[in-house]
Amino acid sequence: MDLSFGAEYDEFRTEVKQFIAASSDKSPKQAGIGNAEAIAWQKILINNGYAARTIPTEYGGFGAEPDIIESRIISEEFSNAQISTGLGGQGISMLTPVLLEMGTEEQKQQFIKPTIHGEMIWCQGYSEPGAGSDLASLTTKAELDGDEWVINGQKIWTSTAHLADWIFCLVRTEPEAPKHQGISFLLFSMDTPGIDIRPLVDMTGDANFNEVFFTDVRVPKDQIVGQRGQGWQVANAILGHERGSLAPPDAALSRLNGVIKLMNSESVNGERVIDNPVFRDRLMKIQGRVLAMKCNDMRLLSARINKGQDAKLAGMIVKLLGTELRHELESLAIDVMGEIGIAYGDNPYLRGNGSWQYQYMYFLGLIIGGGTSQIQKNIISERGLGMPREPKPAAKANAS
Amino acid sequence: MEFGLSSEQILLQDSVNRFLTEQVPLDVVRKIATDDSSDANCWGGLTDLGIPGLLISEANGGLGLSSLDAAVVSELLGYHVTPSPFISSSVIAPATMQAAGRGEDLLGSVATGETRIGIAFAEGIASRNNAGLSVDGGKLSGKSLFALDSDANYYLISTSTQEIYLVDASARGLSRSSLTTVDRTRSTCELTYDKVDALLISDDPEVFRVALDAGLVSLSADTLGASQCALDQAVTYAGQREQFKRVIASFQAVKHMCAEMVASLEPCRSMVWYAAHALEEIPQESTMMASHTKAHLSEVGQFVTRTATEVHGGMGFTDLVGLHYWFKRAGFNRQLLGSPELLRERAARIQGLTA
C-alpha cells in the first residue's frame, strides 16, 4: 500500500500550482456553450497542457504522453482551486476518443481540432422513442443513394441538439442483418436540410434535451466512422467512456461538505440541524458511503497505473452506486431545510441558488440515463458474476 | 502509487486461505460451534503460520507486521467463519499493551499461541445492564458482560472511564460463565469479580482509542469476508437451482439481488484496506475511518447476508446448508465494540460535529 504519487511528481504538482496562481483569474465565471471567456480559457489550457493533454499536436492538442498520475494531479489542483478544467460536452468527452481510435486521417484532421477548441459543438444521436435500454433495436434508417446516405427517423434525449453544429448518429444501414450488425456511425452537420429539432423540457424546468426528426436528410457517403455495420462497436467504445464519468466521488465529497455547512447554518425550532441526532445520523450514514466510494476510486486509479491489479467489479458498480448516492445526498439536504427545501426558481428563501432541488432531480435523470440502474444490474450480474442472460421468449406458436 | 495488497500480503492470504479451506471446512466449524470440539486444533494450525504474533513487534517476539496484514487474515477468518481468538488475543491485546507500553512481557507467549488474552471492553464503549465495575486499591469488583473468548488465560478489562486492567483468568475471586450468543463460532462469557487482583495497563483514553480502532477495523474485515462468502454461495446456488425449467440465476429478480450485493460490498474492500492502512500511516484519519468502516460494513454485512439467504430460498433458512453461520457472524460483528449508530456518533464527534 503506497498512497503517495512519489517525489518525481512533486515538481509537476508545483508547476500546476504555479500555473493556477498566475492564470486562475482568466477562468470563466459562467459555464455554457459558446461562452467566449470559456473558449479563450480552453485555448490557454490546451497551450499549457491542462486540456486536450494527450491529444496529438497535429490534431490541435498538447501532445503529452498519457500519464494517469499527471492527469490526476491536474484534476486535484484545479478542483482545490475551484476553477474550470475546461470545456466538456459530448464532442470532447465521447466523440474525440472514438475518432482517435477509429476515425480516418481525414476525419481526425477535420474534426478534432475545432471540437477540442470549442468551435464545433456536437450532439449525440443514439436513443429513439422505441430504442432506450434496448438501444440496438434502433430504427432510424440510412439508405445509400448514389454518393449519399438518405436518413429518415427520429432521435430523442438528444442533449444540446439545439446548440450543436454537428451530430454523431447511429443509424440502421443493413436492415436484413442481426440487430447489432446492421448499425452504422455517421457524422453530419445539424444545418443539413430535413432536420427538425423540438425541445423536451425535463423535470428540472430546463430544456437541455430535444427530439430530433430526420426527413430525407442527405449526408455524404464518406462521413461514416468505422465500416458499414460496425456502428454498435463504435458506440460501445464511447458508452464505456460515459459511464465511469457520471458520478465522481470527489464531487460527492465536496457536495457532502456543503450539506455539513447547511446543517450548521439551518435551524429548526431554534436548534441547529447538526445538533439534531436523527439528522446527524443520516449525515454520517451518507458520509460513510461516500468514503467507501472514495476508497473504491483510489483502487480504480491504482488498477489503471499498476497492470495486473483486478478491479473489474469495482469499476462496474460506480455508475449504479454513485448516481444513487448523489440522489440521496441531495435529498438529505432538502430534508435538512424542510419547507425551505421545496423553494425553487425565484423564491427569495432559496438556499445555494436552488442547487439542492436541481441536483436532486438531475441525479434522478442520471440514474436513468446512460444505462438505467436496472440495466447496470444486468451488466454487473451477467458480465461481472457470469450469471446467465434472460432467455429469449419462445416464438409464439401460430404467429400470423 | 499502489492501492492494494503487496505480493507478500497475497502470499499470506494464499497460505491462510489454503489452511482454512483444507483444515477447517464447515463441518469442522460445526463441531466446534456445537461444542463437540474446541478451537485449539485450528488455533494451533494458525499458530504454525505465525498468525497469533502477526501484530506483535519483533522485540516482543512476534512478526511485527501491519494492520493491513491483520485485516487480510481477519477477512479470511470471516470468509471461512473460523472460530479463533484472533481479534481479541492477536489484535486488540497487542494493540493495547504496545500502545500502553505495559504488559508486553506477556506478548511473547501470545505469539507462540501458549497464552490467549480475552477482551472485556463493553463497559468502555457502551455500558449495558448495570454491569458496573469498580476498582479499589488494585482490586476489581463487579462484572463484565460479553467478554471475548471463554478459553482465555488472561483478560483485558475496560472500566467505564476507559482504564484498562489485566487479570489472570485463574485469579482468586474471578468466576467465568459462558454466554450463549447467536454466533456459536465465537465464545463469549460473563466475568464476575470479587476483589480480584488487577494490574493497571493504562489509564490513558488514547490507549483505549488506539486499541478500539484496531478492533473495529479487524471486525470490519471479518464482516467483509463473511459477506463475500455469503455472496459467493448465493451466486453458485442460483446457478444450480432450477425452477420453472430454468436455473434461478437467469431470473432478473435474482440477478438484481446479486448485483446489489456486489455493488454494496465491492467498495467495502477498498474501505477496509484504507482504514487498516490509516491505523499506522494516516493517524489523523484513523479513528474516523475505523468508526465509519465498522458502521458501514455492519450495514452492508446485514444486507448481504440476509439477501444471500433469500437467494437460497427455504434452504437458506435451514441448518442443512449452514448459510446461517455467515448471517450470524455478521450479526455478531455488528453489535460488538459498538453498534452502527454509536460508531457513526463517534465519527461525528471526532470531526467536531457534535455539540
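Modeller: Happy to. Let me begin with the polar side of the contact: across the interface of chain A and chain B, 16 residue pairs are in polar contact, both partners being at pLDDT 80 or more. Please keep in mind that this is a predicted model. On the side of chain A that touches chain B, the elements that give two or more residues are helix 8 (277-305), helix 9 (312-316), helix 10 (318-337) and helix 12 (373-384) of chain A. Helix 8 of chain A supplies the largest share of that side, with 18 residues. Sorted by class, the side of chain A that touches chain B holds 25 nonpolar, ten polar and eleven charged residues.

Charged groups also pair up here: six salt bridges are counted between chain A and chain B. One of them joins the side chains of A:R280 and B:E345, at 2.5 Å from N to O.

Now for the extent of the contact. The size of an interface is often expressed as the accessible area lost when the parts come together. Between chain A and chain B the buried area is about 4000 Å², and carbon and sulfur atoms give 66% of that. In chain A, the residues that lose the most area to chain B are A:M1, A:R299 and A:M387, which together make up 19% of what that side buries. Counted by residues, the contact takes 46 from chain A and 44 from chain B.

Chain A is divided into domain 1 (10-87), domain 2 (122-230) and domain 3 (246-384), and the C-alpha centres of its domain 1 and domain 2 lie 32 Å apart.

Finally, a look at the strands of chain B. Strand 3 (residues 139-148) and strand 7 (residues 188-197) of chain B run antiparallel and are joined by seven bridges, with B:S144 having B:L191 in strand 7 as its bridge partner. Strand 6 (residues 174-179) of chain B also runs antiparallel to strand 7 of chain B, through six bridges, and here B:L174 has B:Y193 in strand 7 as its bridge partner.

Definitions and conventions. Residues numbered from 1 in each chain as written. Chains lettered and ligands numbered in written order. Predicted model: local features only at pLDDT ≥ 70, side-chain atom pairs only at ≥ 80, totals over all residues. Heavy atoms only, no water. Contact = heavy atoms within 4.5 Å. Buried area = accessible area lost by both parts, 1.4 Å probe. Salt bridge = Lys/Arg side-chain N within 4 Å of Asp/Glu carboxyl O. Polar contact = N/O pair within 3.5 Å; in protein donor to acceptor, adjacent residues only side chain to side chain. Helix = DSSP H or I, 4+ residues; strand = E, 2+ residues; numbered from the N terminus. Nonpolar A, V, L, I, M, F, W, Y, C, P; charged D, E, K, R; others polar. Pairing = 2+ DSSP bridges. Domains from an automatic or database assignment.
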